[in-house]
Amino acid sequence: MTRFLAKRIGQALVVVALVTVIVFLLLHTVPGGPARGILGPQATAAAIAAFNHEHGFDRSLPEQYWMYVSGLLHGDLGASYTLNQSVSSLIEQRIPKTLVLTGLSTLVALLVAIPLGVWQGRRRKGLTDYFITTLVFIGYATPVFFLALILVIVFAEKIPILPVQAPQAETLAGLFADSRGLVLPILAGAIASVAVFSRYMRSAVLDNLAEDYVRTARAKGASERRVVWLHIMRNSLTPIVAMLGYQLPVLFSGALVIESVFNYPGMGLLFWNAAQTSDYPILLGAVLVIAVATVIGSLIADILQAFIDPRVRGAIK
Amino acid sequence: MTESPALAIKDLRVTFGDTVRAVDGVSVEVRPGEIVAVVGESGSGKSVTSMSTLGLLPPTAEVSGVIQVGGVDVTALDGAGLRAIRGAEVAMVFQEPMTALNPAFTVGWQVAEALRLHFADMSKKRAYERAAELLEMVGIQDAKRRLGQFPHELSGGLRQRVMIAMAIACEPKVLIADEATTALDVTVQAEILDLLRDLRAELGMAILVITHNMGVVADIADRVVVMYQGKVVEQATVEDLFARPQAEYTRRLLTSVPRLERGAHRARARTALREPGQAAAGTPALALSDLVVEFRGERGSKVRAVDEVSLTIGAGEVVGLVGESGSGKSTVGRTAIGLIKPASGSVRLLGESLTGAKGRDLRRLRRRCSIVFQDPASSLDPRMTVGDCIAEPLIINKIGDRDDRVAALLKSVRLDPSVRARYPHELSGGQRQRIGIARAIALDPELVIADEPTSALDVSVQATVLDLFLELQDRLGFACLFITHDLAVVGLVADRVAVMNSGRLVEEGPREEVLFDPREDYTRRLVASAPVPDPAAQRERRAQRLSL
């Protein structure tokens, strides 16, 4: 296991290193360079040269990359051009809130999707299966921003039982103190994920229902409920867990939209605002953080999978 | 005859939908302590019959008739009533022990589950203790440790023993073994059959064995029920059935079964074949020397699949390569025509070195040999018509006149040229394998590698395909490496036989010598384990094997 972990962490480090290179290069592909982006098209050549010199953009690329990386290693992601704060402190403030949002909406999605998928798998081709499939597909096909708007219209305007805006508290405790405000953002995030997870679960259950071990369990005298919720469940969870890790970037991009619709003070909103003000250090810092999160996410998914599937466990001993 | 039957199936009929009548008026009785074999080819309804005794058929099946277990009619039971019978009164062992066990739970958990489902008051600890006893009972050593292992950590034979332990956990009155030894190697099959015999003696169970293998029937059955197209065509004691088959179908079935006997060999029309010693004189079709093939195993370690194998096949000669699963025989076949690169050693194909050949040379060499795979269903492209499949090698090698050639090839494998427009899924298994053969001979090869070409087929189909293959071999005179696990088939087709065991060539020589007078212990055990379709002879062989 330690061998496996060491190997996987090594791989993860390589991926992260590559990401820093890509992010760094992205910074330099901005038309006219970051100076143009910040100072605007009307800036004089002298102003741009001064800006470039101030930020070290007039040095050679490898030199700049080295500065960038050594900054990263010290936890320095640069400073925001517009918010007068360091990027790392901004991300530090925002990331727990986004984790709460995405974590809770994933949890809700799984709690709904797993039983739903199992239930559909068992009643395949029934009227209810078709009905739920239709609903799920609609949920899947609806853009998140549109879904969020519908939720707002229905639950905040037509039937005003929930607030339109997410809680604006600075701290996590403050966030939970106003938990009613969390309901709509979480719901908006969960609905799209329910679609994905329940489809996976449904097809995994269908595949497993046809397996020989199911026949063995029935031949032993196990009840249908036991066969499904014990024998099949364990084997059907593997694809879901494998997917969870790769779902992370998707969740973040969902958070981007949801946070801007509900004005939720997380990473997504930070990113959204930075994109509008061309605040490149924030954008690149966020991309880097998300990339690292994705790598960690898939690592965790692999480890979880080993816990569920003894064959994977055996292979990574 | 006085004892009441443990299992009595009366006039069972099973239909799927309105049209498919899978089982049509079947009646079978099994008395306590008796082993009854239900034998038949695929589609005969034997498995449907066995599944219906536990109510395990899918809901689309319509069942009528009576199935009595210890006097209780199973067909009249509801869910809970059925579950009380399943595992407790009637237990089943299935074909594929790898997939029949749940991969996510330990062996101990699964055996304990079988117990706890029926003894509600049994503690977990007690169930595990009993599970260990059961594993010991089915001949698994070190049972305590095995309890904590997962199915994928066990060999096929051990897994099947676990399945049997699970089946006998509640001491059922009836044990149904549905092709329980089909997926196993012959030596393991022999052990499992011994185990079933012992358990019958110990527990006095009634055992229903479902099989397509006449050798297994001869080995284990007291009585035999022959099924064909959903009907019972004959029921007799095992001695009577083999000595005096009554039904036309039974007779046909028995003649189709290849026999491992001294005289049972093809009559070769060609006299061109040289004696084995002389084969080396001309240019051999295939010469392997000190061949080593390695695969990457766990933790980067290397697993030797083929270990210093040297083998020569003369022009026009058929060499049978036999061995159990994992012995490396298929790897040898694939390496021989360059599909796998050897780690060391050399392959000489038709007098030229294949190991160093590249690009055009390699293609030119490959053109002169071909391969027939085991499963025709998966080795033909499902999106290509039969005609296109056969024509592909012609197209690749830019040979004109394809239409006529494809028609001629189809005729030579005894198929109507009109099937060229059909797709593989529209054909039967036997027809598909003939297409595979037609494709293999399309370029008039000098060497054909036949990798278990008849193993996926029913015996009667196997007989016709083998017959066809031999006729073609005779006519076209290609040399052949015939890879199979079936000793009787090898006895029928091969001039010389090579035996492999865990990557090594154990023994090699003329057919008569290797099969009937083997030098090596391993070969002796292998030959003795293959059941022959003759109860009296099989009894003798069993005694011999147990004394080995």
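Predicted model: local features only at pLDDT ≥ 70, side-chain atom pairs only at ≥ 80, totals over all residues.
Local features need pLDDT of at least 70, side-chain atom pairs count only at pLDDT 80 or more, and totals for chains, interfaces and linings use all residues. Residues are numbered from 1 along each chain as its sequence is written, and chains are lettered from A and ligands numbered from 1 in the order in which they are written.

Student: How many helices and how many strands are in chain A?
Tutor: Helices (H or I, at least four residues) and strands (E, at least two) are DSSP runs, numbered from the N terminus. The C-alpha trace of chain A spans about 85 × 55 × 35 Å along its principal axes. Its element count is 14 helices and zero strands.

Student: Which helix gives the most to the side of domain 1 of chain A that touches domain 2 of chain A?
Tutor: Domain bounds come from an automatic or database domain assignment, which puts domain 1 at 2-73 and domain 2 at 90-315 in chain A. Their C-alpha centres lie 32 Å apart, and the contact (C-beta atoms, placed from the backbone, within 7 Å) takes 13 residues from domain 1 and 10 residues from domain 2. On the domain 1 side, α1 (2-29) and α2 (33-39) of chain A each give two or more residues. The most, nine residues, comes from α1(A).

Student: How many residues on that side of domain 1 of chain A are nonpolar?
Tutor: Ala, Val, Leu, Ile, Met, Phe, Trp, Tyr, Cys and Pro count as nonpolar, Asp, Glu, Lys and Arg as charged, and the others, Gly among them, as polar. The side of domain 1 that touches domain 2 has two polar residues and one charged. The nonpolar residues there number 10.

Student: Which element supplies the largest share of the side of chain A that touches chain B?
Tutor: The contact between the chains takes 19 residues from chain A and 25 residues from chain B. On the chain A side, α10 (212-220), α11 (224-262) and α14 (310-315) each supply at least two residues. The largest share, eight residues, comes from α10(A).

Student: Which strands are the edges of the six-stranded open sheet in chain B?
Tutor: Two strands pair if DSSP finds at least two bridges between them. The order is β16-β17-β18-β13-β19-β20, with mixed pairing. Four bridges join β16(B) to β17(B) in parallel, while β19 (496-501) and β20 of chain B pair in the antiparallel sense over six bridges. Pairing on one side only, the edge strands are β16 (369-372) and β20 (504-510) of chain B.

Note on methods: Contact = placed C-beta atoms within 7 Å.
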